[in-house]
Structure formats: structure tokens, C-alpha cells
Amino acid sequence: MHKNVVFQHRWLPYLLIAPQLLIVLAFFYWPALQAVWQSFLLQDAFGLSTTFVGFENYVELIRQPEYFGAVIRTFVFSALIAGSSLSFALLLAVMADKPLSGSTVYRTLLIWPYAVAPAVAGVLWIFMLHPSLGMVARGLRALGLDWNPLLNGNHAMILVVLAAAWKQISYNFLFFLAGLQSIPKSVLEAAAIDGAGPMRRFWTVTFPLLTPTIFFLIVVNIVYAFFDTFGIIDAMTGGGPAKATETLVYKVYLDGLLGGNLGSSAAQSVLLMMMVIVLTAIQFRYVERKVTY
Amino acid sequence: MANVTLRNVRKTYPGGFEAIKGIDVAVGDGQFCVLVGPSGCGKSTLLRMVAGLETISSGEIEIGERVVNTIEPADRDIAMVFQNYALYPHMTVYNNMAYGLRNRGMPKPEIEQRVREAARILEIEALLDRKPRQLSGGQRQRVAMGRAIVRQPKVFLFDEPLSNLDAKLRIAMRVEIRKLQRRLATTSIYVTHDQLEAMTLADILVVMNGGVVEQIGSPLEVYHRPATTFVASFIGAPPMNLIALEGSELRRQLGDHGDATTLGIRPEDLTLTSGDAGDGGLALKLRVDAVERVGPESFVYGRPGDHQGEAEIIVRVAGEHTPALGEHVLAVASRAKLHLFGRDGRRLEP
Ligand SMILES: Nc1ncnc2c1ncn2[C@@H]1O[C@H](COP(=O)(O)OP(=O)(O)OP(=O)(O)O)[C@@H](O)[C@H]1O
Ligand SMILES: [Mg+2]
């Protein structure tokens, strides 16, 4: 079936996409090209002279154990966020899918966190988990746990993951709810008649039918954890303590803006860009095939 | 093998709507029971209550001498074929059929043997490795049937299983379902709103309307002696002619007709003639409005006399020789073929 619209005027289509194209060119391709160019340059310590150094910035980066550490850290960070926010959102969606009265209120409440700005979310969690101010921290301490995200790197990581995952739950929840509602009720009824209890029904019917949604959300969540968590990290830990929460994006910022190492920072952003391209490509290929079952 | 007995079964939905208003039905072992009625009369609701997918508000449902009111669907030993087939989209045809057996912990070789046997009966052996989306509507229907029969349950439940098929396939599958049911001798309850499907499949026909049973009986019993005007107009195509006796000159012709307010005559029980009725029968003067020829038979539509207000009468005529439009004809019926109904719509025993 063809849905092509035939334009009378030859230039009209180009005119129509021009504004969008201009914006993308000005705000994405131009800075991206600049970053690529920048990554081949080396500035001296005072920013007075620049020399073209080819791939030296990249080589330097890969030799750096710190960079490798940040890569690993970012992967762990992303996996933790995707894992925790996806599983929790799925749990909530399964509960919200039941035809209960008041479920609309419940659903609306669950969607709200998505509207909270990252930095605000960060501050919110800091208040709860701050070693001396937070009430949750006090509770943990009472349980004999020496909770201190200001000093303990793992604790800081948990804190950032909590805040970042929490923000993403609403989004995941919405997609899971839509996914659950697109499963015909009669299929689950057939499974019930076929002798599958609620748990077995979930794992053998509901879950497999949700795999397209799950896969889509994994990619979205990883992209989110890679790039959109800057605000949260900046507000909560600033990458610390001792780089424990310094992800790749945050390192770009630290090295470039604070450290003044523009060449290395640019090389890092180019590598990050390539990762997004790979992730997006995976997603597109998958979306094209659409279903696994 | 089992009986299914419904005793004063009622269903009130959470909103307060009473969908089933006290129904008693007894289906004997191995019988094919068809629930038929117009859309929204509660057929699916009743079937789903037997399956255990809807709670029973009051009354009792018994399957094989066991009250099942509070028993889970899985433990009722029933299998259901849904209108949309409800196949598991992510499983192959084989796994669709094997799923219920695996859930019950049946050993693998036996599962394999049962699935192959069912596939052979339904002629879907070549499709076992396909996913449901790779099947045509008719093939999906067969797989849904297969999923029901591998379980060898006590009771089959069907909710309009043929309504998504084209007319020709529907007739073919109808015959097959009947043959299969005879062969397996499994008690079955079948929901449809198609009266022809109901007539051809049923051992016992349950005609429902508005949450109550209008009549229970064998298809021919229901056809020949409809218990209410509703059944009279619902079963049979074209439907029975129902004529209000109030103020009609037919009153005189009928003579003693008790408290009857409505007269029913099947289209095939009317004969077009030039003579008169004789033997205390009935004669209707009709002006021909329309004629439908369908090959072996024709339907003549006419209005009695000049009364434009009166209901249209349908006469079934064999062959293609029919009166012309606008012609005045006489339709006669013998006394024995008349159905009389009282003010409440119930049949008056002649
Ligand atoms: N979950 C529900 N809540 C409230 N009312 C319902 C519900 N399900 C069905 N009903 C109502 O109960 C009545 C019977 O519905 P049911 O589905 O049993 O009809 P049906 O005879 O199967 O009709 P059809 O031939 O259209 O399938 C309808 O009036 C319907 O609106
Ligand atoms: Mg129905």
C-alpha cells in the first residue's frame, strides 16, 4: 500500500523540512563537527597555541587507566539503572493493569515523577539520604549500617542510581502499561484454563509478549543513563567521592570545562557519540523487525 | 465425560447490571448444547461462568456431579475455544497445543503423541512449526480446536468460534465440529447468535433473550412449537409471520381462539391459491409488495388488504413462479399450522 503524497510544487517539500533541517544543522551537526575537529588538536596549558596532533588525543585516552575505569563505571551504572527501573516499573505496571477502582488516580500519580527536573530529583534524594540530614539515612544508621555517600564510593553510586532510576520509572511504567494492555485478555484466560497459575502465566505468556517493549526500553534506558544523568550526578555527587560516580559524560565535562583539556574532552565526546550511534542503530534494526515472536 | 447442570444461575456485574436472571439448564453426558440469542442477551456471560472466567452471583453450576462455583478454571476440566481463538502468539502451533499438557506435568512422549494425534485429526500436521501469525483464519480456528481436544477435557466450551470465518468456511467447519464432537462424545456447550448454526449443531437448543431462557428443547421442537413470540421470530429464516389479532378481521375467521392476541404462521405453511381456505383454516388477502427469488424457492412479501398499517406477511413458494408485483393473492394456511400466543407472548396450547 502506498501512502505517498504527490506534491504539486517541486520545492515545497524541501521548504517544509528546511526549518527542521536548519535547527539540526546548527545545533547538532555543527557542534558535532567542531568536536571532531577539536579532538585532533592539542592546546598548550595556557590556551595560547593549538597544534594539530592527529589521533594522539584518542591514543592518550585509551592508554589512560582512568578512562577505562570510567567506561566500566558507566556500564555498571547504566546496567544498574536499566535493571532496577525496568523491573520496578514492570512490577508497578502489572499491579496497575488490574481493573481496580481508583486505578486512574494511581496511574496518574505514577506518571508524575517524569515531570520532575533531574537536578530537583537529585536534591530530593539527597534530602532523604544525606548522612546527617536525611531521614532514610538516619533509619539506616539506626539499623547499624554506616551509610555515608559523601565518603563511601559505593554508597554514592547507590544514591545516584536510585535518583536516576526513580526518574525513569514513570516513562518505563507508561510503556509497560501500554504493552500489558495490548495483550488480549482472552489469551491470558486461555492460559488460565490451560492450567497455568498467575506466576506461570506471567513468565510464559505475559513476559514473552512484552519482549519488544522490554528491548526498546533497555536501549532507551541505557541512552538515558549514558547521557541524561548529568544533572543528577552534578547535583548529587559532582562525580565524587574519588571519581566513584564519574561517568563518561561527567568526565567530558570535568576534563574539558574544568580541566581545560579541550582536545581530550572532544575526543571523549566523539567516542560517546559513536556509542549513541551504535545504540540507535541497534534500536532501529530491531524496530524494523518489530517482533521476536 | 460429564453432565453440566445449571441451577437458578444469576450474574450481576459489578456495575449492578444483571446480565443473567436465573437460568436452569441441564446438558446430558455427551450432548451438544447450543446457546442462541441476540447480541447482548448474556450468552457469553453464561458460558464464561461455566468456564470459571466470571464469578457466579448466585445459583449453582455442576460439572460431572461436582459443584464448581468456587473451583478455578484450570481445575474444572474444561477446554474453551474463543471467538478470536486466543492462540499464544509467541508459541508455535505445536507449543500452543502442548502448553496445557505441560502445565499439568504430562510426560514428554505422551504430550508428543497427543499433539500429533490431534494434529492428524484436524489436518494441521504440516503447520506444527508455524507461529499463529503465519496461519490463515481457518487454520487458526483449527489450532484453537486442537488446543481444546488434546486436553481430552470433560466439557468443550465454544464462544462463537466460527464468526470470524467467511460464509463457506463457516459451513464446512460447522459440519466438522459436529462430526468431531460425535466422534469424541464430549459434552459441549456452544454459543452463537446464528440461528442456522444453532439448528444444525444442537442436540438441545437453549434460546436466550435478555438474560433469561425463552425455551429449551430439540431444534425441531423449538422450530415447530416455539414457546414465545420471541422464539417464533428468532428461530427460522425468514422468521415466522406474527399478526396482531386485535381489531383484525382474522378474529372472525378463527372463531374460538381463547385469549390469543397474536397469531403466528411460518412462511412455508402459507400457500398461495385462487380457491378458499376450507376446513376452518385461514385465508389472507394479500397485495404483493415485493418478491425475492433465491433459486429453489421464492419469498413473496405482501400486506393484508388495504390496511397499510398492518405487518408485512412473507409467503414461501417453491420454485420461481410467483405472482406479479401489485397483484392481489389469497394465502391460506390449515388450522393445524397456526400458532397462537397470549398477551404475555407465551404460546397457548392448541
Ligand atoms: N464486564 C462487564 N461489566 C458489565 N456489564 C457487562 C460486562 N460484560 C458484559 N456485560 C453486559 O452483559 C450483557 C451480556 O453480555 P454478553 O457478552 O454475555 O452478551 P452476548 O450474548 O455474548 O452478546 P454477543 O452475541 O454480542 O457476544 C450485555 O448487556 C453486556 O453489556
Ligand atoms: Mg458474546
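A salt bridge is a side-chain nitrogen of Lys or Arg within 4 Å of a carboxyl oxygen of Asp or Glu. In this predicted model, the side chains of Arg48(B) and Glu189(A) form such a bridge, with an N to O distance of 2.8 Å. The rule finds 2 salt bridges across the interface of chain A and chain B.

The model is predicted, with local features needing pLDDT of at least 70 and side-chain atom pairs counting only at pLDDT 80 or more, while totals for chains, interfaces and linings use all residues. Residues are numbered from 1 along each chain as its sequence is written, chains are lettered from A and ligands numbered from 1 in the order in which they are written, and side-chain values use heavy atoms, with hydrogens and water left out.

Chain A gives 19 residues and chain B 24 residues to the contact (heavy atoms within 4.5 Å). About 1,700 Å² is buried between the two chains, 58% of it from carbon and sulfur atoms; buried area is the accessible area (1.4 Å probe) that two parts lose on being put together, summed over both.

Ligand 1 is surrounded by residues of chain B, among them Tyr13(B), Cys41(B), Lys43(B), Ser44(B) and Glu160(B) (a residue is near if one of its heavy atoms lies within 4 Å). A polar side-chain atom of Ser44(B) lies 2.6 Å from an oxygen atom of the ligand. An oxygen atom of ligand 1 is also 3.2 Å from a polar backbone atom of Cys41(B), and a nitrogen atom of ligand 1 is 3.3 Å from an N or O atom in the side chain of Tyr13(B).

Key:
A polar contact is a pair of N or O atoms within 3.5 Å; within protein, one must be able to donate a hydrogen and the other to accept it, and residues adjacent in sequence count only if both atoms are side-chain atoms.
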